[in-house]
Amino acid sequence: MNTRIKYKLFLTLLLTSAMVASSMFWFMQWSFDRGFLDYVNKQELTQLEQLNQLEEGLANSYAKQGNWGFLWQNENLWRRLHNEVFSTTHRPEPNPEPGRFGKLPPPPPMDMRDIGPRLVLFDAHKQRVVGGPPEISIDFKLKPLTHQGEIIGYMGLIPAKTLTESGDLLFLEEQTESFALMTLVMAALSLLLTFPITIHLLRPIKELTSGTSQLIAGQFKTRIPVTTRDELGRLSDDFNMLAITLEKNEKARQQWVADISHELRTPLAVLRSDIEALQDGIRQPNPQNLETLHAEAMHLGRLVNDLYELSMSDAGALTYKKVSVNPVGILKGSIELFHQRFVQKGLNLTADLSNDLAYTVLADPDRLQQLFSNLLENSLRYTDAPGQLKIHMESTKSHVSFFFQDSAPGVTPVQLPKLFDRLYRGEESRSRAKGGAGLGLAICKNIVEAHNGTIEAGISSLGGIDIKIELPLRS
């Protein structure tokens with residue numbers, strides 16, 4: 001059954017309201033019936049207390065006969081006695097106190113002759129004399145009958161189980177009609193209130209449905225209004241955050257494609273122009289021209305290889321063969337490989353590293369060497385000569401940290417978080433004069449995170465960039 005949630009929620013609220021109204025009706029009806037019956041019985045007992053004429057007649061008859069033998073099982077005489085009294089005695093109109101729902105209208109006067117069949121006479125030992133059923137249990141109030149100060153018997157009234165007097169029944173029917181009318185009014189109000197409440201509750205869901213459809217269509221600028229602070233409001237907030245993330249990812253993807261196209265197009269264009277010049281005879285295939293072609297091919301190969309490694313690292317497919325190694329030794333080896341190149345460019349490379357072999361980490365030696373080499377290559381390419389690169393380390397019981405601080409040029413604080421983005425370089429023109437494709441630091445970040453470490457960039461006191469790497473020590 002394909003029923004919309006709007007109708008499901010509407011029917012649920014409506015049925016709940018109807019059940020509550022019906023339950024209230026039956027409870028009020030039951031409570032009123034029971035209370036009114038108790039009220040009638042109490043009124044009858046009150047009137048029984050006032051039947052002095054019947055008591056005097058019974059006491060005089062007992063005094064003449066000396067016992068209750070004249071009434072023993074004599075139902076006709078018993079009925080005639082109390083009918084003579086009740087024919088002139090009526091219950092006065094009561095004035096009930098206000099109830100929970102206001103002051104109820106007074107019930108009609110009751111003819112006291114209707115209680116006669118429930119009157120029972122007992123002797124002084126509380127043995128039934130006349131009235132009521134033969135086997136009766138005394139679970140109701142008895143009024144003592146006295147003669148010359150002595151108790152000669154008791155008179156009791158069996159409580160009524162149901163209402164039989166026409167006036168009381170009419171009053172009860174009127175109250176039942178009032179309760180039924182009240183229930184219908186409550187049900188009608190529930191019907192009128194349920195629909196707008198349903199619309200209000202479902203409005204955020206409709207907004208979410210519409211927004212999701214727009215996201216599926218690629219409209220990542222979609223935002224939905226947050227009108228509540230409940231669970232639906234939090235869901236709307238999460239939807240907007242998802243839309244913002246998708247929009248950023250889409251922009252990053254477009255920038256990524258544009259940057260890769262730029263990086264690949266430039267060396268390919270150089271190679272094409274040089275080869276065409278050789279083909280047209282403009283340039284001769286001498287060693288110098290062939291070296292230029294070889295350099296461009298190597299640059300293109302490095303770019304493709306970096307892109308491959310970065311994509312493999314992002315996919316988690318880059319292999320790591322981790323063993324216990326001393327990262328200080330690997331860093332010293334990488335510095336020796338780059339030292340001559342730093343000297344040729346006019347850069348001073350200094351390292352303050354410990355000779356303690358106790359610093360061991362669980363890492364892949366080849367990936368650590370790639371990490372340190374990328375950082376050294378980055379400083380070599382982008383540090384102006386004359387300049388310097390200082391490397392030092394710090395350690396705690398659980399971590400070892402390496403700092404790479406180079407001299408000018410530096411970057412602005414706004415650019416620092418972007419240094420580890422793919423294909424990002426400090427110069428906005430993306431000039432290839434200094435080489436590199438902006439992938440080195442991105443690869444470094446993936447390698448460090450694969451070793452459960454952290455890498456971050458800051459402003460160097462030498463005027464350049466300060467790269468901090470922190471790796472966990474093996475316990």
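Biologist: How do you know that H7 meets H8?

Modeller: This is a predicted model, and contact here takes heavy atoms within 4.5 Å. By that cut-off, residues in H7 including Ile330, Leu331, Phe338 and Phe342 meet residues in H8, among them Leu368, Phe372, Leu376 and Tyr382.

Biologist: And how do those contact residues divide into nonpolar, polar and charged?

Modeller: There are 13 nonpolar, four polar and four charged.

Biologist: What makes H7 roughly parallel to H8?

Modeller: The axes of H7 (residues 327-345) and H8 (residues 365-382) cross at roughly 25°. Angles under 35 degrees count as roughly parallel, so H7 and H8 get that label. Their axes also come within 9 Å, and the crossing is right-handed.

Biologist: Moving on to the sheet, what is the order of its five strands?

Modeller: E6-E8-E9-E11-E10, in an open sheet with mixed pairing.

Biologist: Why are E6 and E10 called edge strands?

Modeller: Strand E6 (347-352) and strand E10 (454-459) each pair on one side only. Neighbouring strands of the sheet are turned by 15° against each other on average, direction ignored.

Biologist: How do you know that E9 and E11 pair?

Modeller: Pairing takes at least two bridges, and strand E9 (residues 399-407) has eight with strand E11 (residues 463-472), in the antiparallel sense. Phe403 stands opposite Lys468 in E11.

Biologist: Which strands does H7 touch as it packs on the sheet?

Modeller: H7 touches E6, E8 (387-395) and E9.

Key
Residues numbered from 1 in each chain as written. Predicted model: local features only at pLDDT ≥ 70, side-chain atom pairs only at ≥ 80, totals over all residues. Heavy atoms only, no water. Axes fitted to C-alpha atoms, helices over the stretch in contact; angles between N-to-C directions. Helix = DSSP H or I, 4+ residues; strand = E, 2+ residues; numbered from the N terminus. Parallel < 35°, antiparallel > 145°, perpendicular 65-115°, else oblique. Left-handed = near helix turned anticlockwise from the far one by under 90°. Nonpolar A, V, L, I, M, F, W, Y, C, P; charged D, E, K, R; others polar.
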